[in-house]
Amino acid sequence: MTTHLGLMALFSVFVSIVFAMLMRDEPREQLAFGARLFAGFIGAGVAIGWLLYPLPL
Amino acid sequence: MRAAAADQVEPATNKYLIAVLAWAIPGAGHILLRRRQKGLVFLSTLTLMFVTGLWLQGRIFPLTFDLAQPLVGLAAIADLGIGAPYFIAKFLGHGAGRVVAITYEYGNAFVIVAGLLNMLVVLDAWDVAEGRK
């Protein structure tokens, strides 16, 4: 659980829930927006991780 | 004229009270504004995020304005954003932070962001109280 990926996923869950509740009013919209945010966080995290993989050059 | 002035003062007082309560207890502002579902989600999520940060050995930064360490002061302000849980954790002796713990920086991120998110929740409660949302 205390792996970098696991903690990033947990952090993303918390932030996605709060932003979804703040920015959408209908439960269905909140779920869809939260899921998109969560996927975006994880996707961006993994993508940036791979971009940084060759560093330091 | 007097009644009109009283009408203007009354909601403003409530707005400030709601903002203070929303800061002190995450989600309380929304619960008071009859948005119970949102309020309960904020209460559980933000409190759990803050506690997770402490569990990960994160530090509750002291509110000092040391020019040599400006980021500590900013982190302390962010930590304070969570409201009552900040003071409860301090009172119970949590949040000392163990720098050598492998999860120390992760814990700090959780604690700091929980406080910052609660600040956004307070602003949202303010907007709701003003009738903007």
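Reply: A residue counts as buried when its relative accessible area is under 20%. In this predicted model, 25% of the 57 residues of chain A count as buried. The secondary structure of chain A comes to two helices and zero strands. Its radius of gyration is 14 Å, well over the 10 Å that the globule rule gives for 57 residues, so chain A is more spread out than a compact globule. The C-alpha trace of chain A spans about 45 × 20 × 15 Å along its principal axes.

Turning to the contact itself, chain A contributes 15 residues and chain B contributes 22 residues. Between the two chains an area of about 1,700 Å² is buried, and carbon and sulfur atoms give 82% of that area. On the side of chain B, the residues K38(B), Y106(B) and F110(B) supply 28% of the area that this chain buries against chain A, more than any other three residues.

One of these, K38(B), also forms a salt bridge with D25(A), in which the closest N and O atoms are 2.9 Å apart, and the count of salt bridges between chain B and chain A is one. There are also five residue pairs in polar contact between the chains, counting pairs with both residues at pLDDT 80 or more.

As for the elements of chain B that touch chain A, those giving two or more residues are α3 (36-55) and α6 (104-130), and α3(B) gives the most, with ten residues. Sorted by class, this side of chain B has 14 nonpolar, four polar and four charged residues.

Methods. Residues are numbered from 1 along each chain as its sequence is written. Chains are lettered from A and ligands numbered from 1 in the order in which they are written. This is a predicted model: local features need pLDDT of at least 70, side-chain atom pairs count only at pLDDT 80 or more; totals for chains, interfaces and linings use all residues. Side-chain values use heavy atoms; hydrogens and water are left out. Contact means heavy atoms within 4.5 Å. Buried area is the accessible area (1.4 Å probe) that two parts lose on being put together, summed over both. A salt bridge is a side-chain nitrogen of Lys or Arg within 4 Å of a carboxyl oxygen of Asp or Glu. A polar contact is a pair of N or O atoms within 3.5 Å; within protein, one must be able to donate a hydrogen and the other to accept it, and residues adjacent in sequence count only if both atoms are side-chain atoms. Helices (H or I, at least four residues) and strands (E, at least two) are DSSP runs, numbered from the N terminus. Ala, Val, Leu, Ile, Met, Phe, Trp, Tyr, Cys and Pro count as nonpolar, Asp, Glu, Lys and Arg as charged, and the others, Gly among them, as polar. The radius of gyration is taken over C-alpha atoms; the globule rule is 2.2 Å times the number of residues to the power 0.38. Buried means under 20% relative accessible area, exposed over 50%, partly exposed in between (1.4 Å probe, protein chains only).
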